[in-house]
Amino acid sequence: MTQPNPGSGKLRPGFPARLETRNTPVAPVRPSTPQRPVAVSAYKNTLIHGVGLDSSAVRQSMVAKLAQQGMTDSAVLQALGSIERHRFVDTALVNQAYEDTSLPIGLGQTISKPGVVARMLELLRQGSPGRLGRVLEIGTGCGYQAAVLSLLCQEVYSMERLRGLHDKARNNLRHLRLANVHLLFGDGMPGYAKGAPYAGIIAAAGGEAVPQAWIDQLAVGGRLVAPVSAGAMHAGKQVLVVIDKTPQGVRQSVMEGVYFVPLKSGIA
Ligand code: SAH
């Protein structure tokens, strides 16, 4: 496991705590029934209630299961309990939205399992009891993890290389009106220098190695969590790595095996 904290036990900075003076309130989550429901979300609500599911109760039960599995960060659990995952998946999959499973989101990509999202966010926050500062997410996908992240950090910069998913995430996130989430269409391999340095970087897609640009764009005291290929000896396997940038240098810890979609170059 990783050291709880880089830099001789000092708390990781929220730095850069404020890019702008705007102060976004925590958990501005809106009620599940929209004022003027659009057809699809009305249908989703009908479905989720139609099978006797109350989305809040089902979400709490998902969170309780994650806690039983060993997730202990109450801020992460609370954030997962607030964001309506069923709004981020296709109508036909709504009834599986609160199972601990990844689901297709189109264009060959998947929304990560809630357990994996919880684990990565716990690692990202480890040693930083408060809100994180600015965080870069590589792989917006449907926007679910970006929404959860928005409750845990000051600013979220989330990059997606597929136009179709970038647009989908924008639609999915609209109702939440999260002023601290910035969706960027582009290749995340070179990171996003304009927002750097980041208190945290999190990737939802795994490459052969962690791009040097991400490490360069991490603040001293910042942490990066990403899946990477386990290497030639373990073809097709990935592991989760945690990289801490300390005043003394970069420290990498290898965690458990994981399965993520591949990190790819360019846009499409
Ligand atoms: N966090 C997402 C998970 C999406 S799956 C969610 O909550 O839905 C990972 C995403 O990473 C895919 O959408 C894929 O297109 C994207 N991706 C892969 N390589 C990328 C790159 N170089 N830059 C940006 N996004 C990338």
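Modeller: (A pocket is an open set of points on a 1 Å grid over the protein atoms alone, with protein on both sides within 12 Å along at least five of seven lines. Volume is the space filled by probe spheres set on points joined across faces, edges and corners.) This is a predicted model, with local features needing pLDDT of at least 70 and side-chain atom pairs pLDDT 80 or more, while totals for chains, interfaces and linings use all residues. Numbering starts at 1 along each chain as its sequence is written, and side-chain values use heavy atoms, without hydrogens or water.

Ser102, Thr110, Ile111, Ser112, Lys113 and Val116 line the pocket, together with Ala204, Val258, Tyr259, Phe260 and Val261. (Lining residues have an atom within 4 Å of a point.) By class, 7 of them are nonpolar, 3 polar and 1 charged. (Ala, Val, Leu, Ile, Met, Phe, Trp, Tyr, Cys and Pro count as nonpolar; Asp, Glu, Lys and Arg as charged; the others, Gly among them, as polar.)

The structure holds 1 cavity of 30 Å³ or more. (In a cavity a 1.4 Å probe fits but cannot get out.) About 340 Å³ of space lies in the largest cavity. It is lined by 30 residues, and Gly139, Thr140, Gly141, Glu160 and Ala204 are the closest to its centre. Ala204 is also on the pocket list. Two or more lining residues each come from strand 2 (109-111), strand 3 (132-138), helix 5 (144-150), strand 4 (153-160) and strand 11 (261-262). (Helices, H or I of at least four residues, and strands, E of at least two, are DSSP runs numbered from the N terminus.) Strand 2 gives the largest share, 3 residues. The cavity lining has 15 nonpolar, 10 polar and 5 charged residues.

Two backbone details sit in loops. Leu107 has a positive phi, near 55°. Leu107 lies between strand 1 (103-106) and strand 2. A cis peptide bond joins Ala196 and Pro197, with omega about 5°. Pro197 falls in the loop between strand 5 (181-185) and strand 6 (198-203). Most residues other than glycine have a negative phi, and most peptide bonds are trans.

Next, the helix packing. Helix 3 (residues 74-82) and helix 4 (residues 114-125) pack at about 140°, with axes 9 Å apart. (Axes are lines fitted to C-alpha atoms over the stretch in contact; angles run from 0 to 180 degrees between N-to-C directions.) Helix 3 and helix 4 are therefore oblique to each other. (Under 35 degrees is roughly parallel, over 145 roughly antiparallel, 65 to 115 roughly perpendicular, the rest oblique.) Ala75, Val76 and Leu80 of helix 3 meet Pro114, Val117, Ala118, Leu121, Glu122 and Arg125 of helix 4. (Contact means heavy atoms within 4.5 Å.) That contact has 7 nonpolar, no polar and 2 charged residues.

Helix 2 (residues 55-68) packs on helix 3 at about 155°, with axes 8 Å apart. That makes helix 2 roughly antiparallel to helix 3. Helix 2 brings Arg59, Gln60, Met62, Val63, Leu66 and Ala67; helix 3 brings Leu77, Leu80, Gly81 and Ser82. Here the classes are 6 nonpolar, 3 polar and 1 charged.
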